[in-house]
Amino acid sequence: MEYIIILIAAVFVNNIVLSQFLGICPFLGVSNKVSTSIGMSGAVLFVMTLATLATYLLYEFVLVPTGLDYLRTITFILVIASLVQMLEIILKKVSPPLYQALGVFLPLITTNCAVLGVAILALGLENASLLKAVFFAIANSIGFALALILFASIREHLELANLPKGMKGVPINLLVAGLLSLAFLGFTGLV
């Protein structure tokens with residue numbers, strides 16, 4: 001039951017993009033087409049899960065025992081950046097089709113603050129464990145994917161809409177993002 005609550009909270013109630021406003025840069029920048037949003041979502045799922053796993057282990061078994069837990073944020077940034085770099089190198093050698101599928105999305109994830117945010121938030125879970133932290137990361141990446149794909153779908157439909165000249169582009173995108181955020185606010189109190 002605890003994991004179902006984590007899933008519902010991460011996807012709907014505390015959506016990492018629409019409620020906590022982390023990962024706004026790829027949300028606005030990569031959501032031109034549904035196909036690119038799906039690719040970015042897959043890459044975020046992969047990296048967010050691995051990053052949370054690595055940072056949780058590093059925090060619990062290195063930073064806390066040595067009394068260096070105050071270096072959490074900078075250490076996590078370095079770990080995430082190096083993890084993405086290593087992942088890119090390994091995928092290029094081991095699985096060129098997967099590397100091609102992730103394409104430009106893999107380097108973009110290095111600067112996605114949602115990955116860092118989830119890694120930090122996973123440490124603050126009640127009765128935190130490695131399994132719960134990894135599940136939290138997967139649930140948040142599903143929430144990220146939902147928001148990104150919904151937004152991309154709406155943006156594709158807006159391309160065909162007859163909008164006033166002053167509303168085309170950034171203004172309508174920000175308005176739709178705000179409306180999506182308000183829609184997800186309706187889930188508040190669900191869990």
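Y59 is buried, because its relative accessibility of 14% falls under 20%. F76 is also buried, at 0% relative accessibility. These values come from a predicted model. Y59 and F76 form an aromatic pair. The arrangement is edge-to-face, with 6.3 Å centre to centre and 80° between the planes. Y59 belongs to helix α3 (residues 34–66) and F76 to helix α4 (residues 72–94). The pair thus links distant parts of the chain, 17 residues apart.

In total, the structure holds five aromatic pairs. One of them joins F12 and F187. This pair is tilted, at 5.0 Å centre to centre and 45° between the planes. F12 lies in helix α1 (residues 2–13), whereas F187 lies in the segment after α9, so the contact ties together parts that are 175 residues apart in sequence.

The largest pocket contains about 170 Å³ of space. Its lining consists of N32, R155, L158, E159, A161, L163, K168, G169, I172 and N173. Two helices, α8 (130–160) and α9 (170–185), each supply at least two lining residues. The largest share, three residues, comes from α8. By class, the lining of the largest pocket comprises four nonpolar, three polar and three charged residues.

Conventions:
Residues are numbered from 1 along each chain as its sequence is written. This is a predicted model: local features need pLDDT of at least 70, side-chain atom pairs count only at pLDDT 80 or more; totals for chains, interfaces and linings use all residues. Side-chain values use heavy atoms; hydrogens and water are left out. On a 1 Å grid over the protein atoms alone, a cavity is a set of points where a 1.4 Å probe fits but cannot get out, and a pocket is an open set with protein on both sides within 12 Å along at least five of seven lines; lining residues have an atom within 4 Å of a point. Grid points are joined across faces, edges and corners, and a volume is the space filled by probe spheres set on the points. Helices (H or I, at least four residues) and strands (E, at least two) are DSSP runs, numbered from the N terminus. Ala, Val, Leu, Ile, Met, Phe, Trp, Tyr, Cys and Pro count as nonpolar, Asp, Glu, Lys and Arg as charged, and the others, Gly among them, as polar. Rings of Phe, Tyr and Trp (its six-membered ring) pair if their centres lie within 6.5 Å; planes under 30 degrees apart count as stacked, over 60 as edge-to-face and the rest as tilted. Buried means under 20% relative accessible area, exposed over 50%, partly exposed in between (1.4 Å probe, protein chains only).
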